[in-house]
Amino acid sequence: MNTRGSEWKKWDLHVHTPDTKMENNYKIRDIPKDYIKITKEKYANYIKGDANALEDKDFLWLYWIDIIHNSDVEVIGVTDYFSLNQYTNAMKYYDLYLNINNIRAQKNINRKIFFPNMELRAPHTVNRSHKYINFHFIF
């Protein structure tokens, strides 16, 4: 039972991921080289092997997760157009992130909560500025 009263948490229910179907602006060149090097070392230590199995998309996802994990946002809507596939990827990479950073073993970690968010865009514009209507379905 919560005896402290109301708690306010920050939510962002419209967050696109690497590999999003439209407007994918995530590029490997935007990730700091030190982050890639450290992540390779952590991954190699975690799997007890060679970290060369990591591809550019893996670094994009792990960096995306790192930003979210270290943010003050508690709940994230993993958004993609016409699909929930990126939600599945986000869950896979969040689990990997927790493991390679040895966060899962820590007590009192603030785990993020993720919801799948499917974004649909109407095929016709509805105003003079030719803006499309987007619909979001959060599961």
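This is a predicted model: local features need pLDDT of at least 70, side-chain atom pairs count only at pLDDT 80 or more; totals for chains, interfaces and linings use all residues.

Biologist: Fine. How many helices and strands does the protein have?

Modeller: Three helices and four strands. Here helices (H or I, at least four residues) and strands (E, at least two) are DSSP runs, numbered from the N terminus. Along the sequence the pattern reads β-α-α-β-α-β-β. The C-alpha trace spans about 55 × 45 × 20 Å along its principal axes.

Biologist: And what is the order of the strands in the sheet?

Modeller: It's an open sheet of four strands in the order β1-β2-β3-β4, with mixed pairing. Two strands pair if DSSP finds at least two bridges between them. β1 (10–16) and β4 stand at the edges with a single partner strand each, so one side of each has no neighbour in the sheet. From one strand to the next, the twist averages 30°.

Biologist: Mixed how? In which sense do β2 and β3 pair, parallel or antiparallel?

Modeller: Parallel: β2 and β3 (residues 113–125) pair over seven bridges, and Ile 76 stands opposite Phe 114 in β3. β3 and β4 (residues 132–138), on the other hand, are antiparallel over six bridges. There, Asn 117 has Ile 138 of β4 as its bridge partner, and Glu 119 has His 136. The β3 and β4 hairpin has six residues between the strands, and His 130 takes a positive phi near 60° in it.

Biologist: Now the helices. How do I describe two that pack together?

Modeller: Two packed helices are described by the angle between their axes and the distance between the axes. The axes are lines fitted to C-alpha atoms, for helices over the stretch in contact, and angles run from 0 to 180 degrees between N-to-C directions. Take α2 (residues 56–69) and α3 (residues 85–100): their axes come within 9 Å and cross at roughly 75°. That makes α2 roughly perpendicular to α3, a label for 65 to 115 degrees (under 35 is roughly parallel, over 145 roughly antiparallel, and the rest oblique).

Biologist: Which residues make that contact?

Modeller: Contact means heavy atoms within 4.5 Å. Among them are Trp 61, Leu 62 and Ile 65 of α2, and Tyr 93, Leu 96 and Tyr 97 of α3. The residues of this contact divide into eleven nonpolar, three polar and three charged. The classes are nonpolar for Ala, Val, Leu, Ile, Met, Phe, Trp, Tyr, Cys and Pro, charged for Asp, Glu, Lys and Arg, and polar for the others, Gly among them.

Biologist: How do α1 and α2 cross?

Modeller: Their axes come within 11 Å and cross at roughly 100°, which makes α1 roughly perpendicular to α2. Tyr 35, Ile 36, Thr 39 and Lys 40 in α1 meet Phe 59, Leu 62, Tyr 63 and Asp 66 in α2. As for the sheet, α3 lies across β2 and β3, at about 155° to β3.

Biologist: What about the core?

Modeller: In soluble globular proteins, nonpolar side chains tend to be buried together. A nonpolar core here is a set of buried Ala, Val, Leu, Ile, Met, Phe, Trp, Tyr and Cys residues joined through side-chain atoms within 4.5 Å. Buried means under 20% relative accessible area, exposed over 50%, partly exposed in between (1.4 Å probe, protein chains only). The largest nonpolar core has 26 residues, and Leu 62, Trp 64, Ile 76 and Tyr 97 have the most contacts inside it. α1 (33–47), α2, β2 (73–81) and α3 each give two or more residues to this core.

Biologist: What does Leu 62 touch?

Modeller: Leaving out residues up to four places away in sequence, Leu 62 touches Tyr 35, Thr 39, Tyr 93, Leu 96, Tyr 97 and Ile 100.

Biologist: Last one: how should I read a positive phi?

Modeller: Most residues other than glycine have a negative phi. Asp 19 is not a glycine, yet has a positive phi of about 70°; Asp 19 sits in the loop between β1 and α1 and is partly exposed at 35% relative accessible area. Asn 102, also not a glycine, has a positive phi of about 55°. Asn 102 lies in the loop between α3 and β3 and counts as exposed at 51% relative accessibility.

Conventions. Residues are numbered from 1 along each chain as its sequence is written. Side-chain values use heavy atoms; hydrogens and water are left out.
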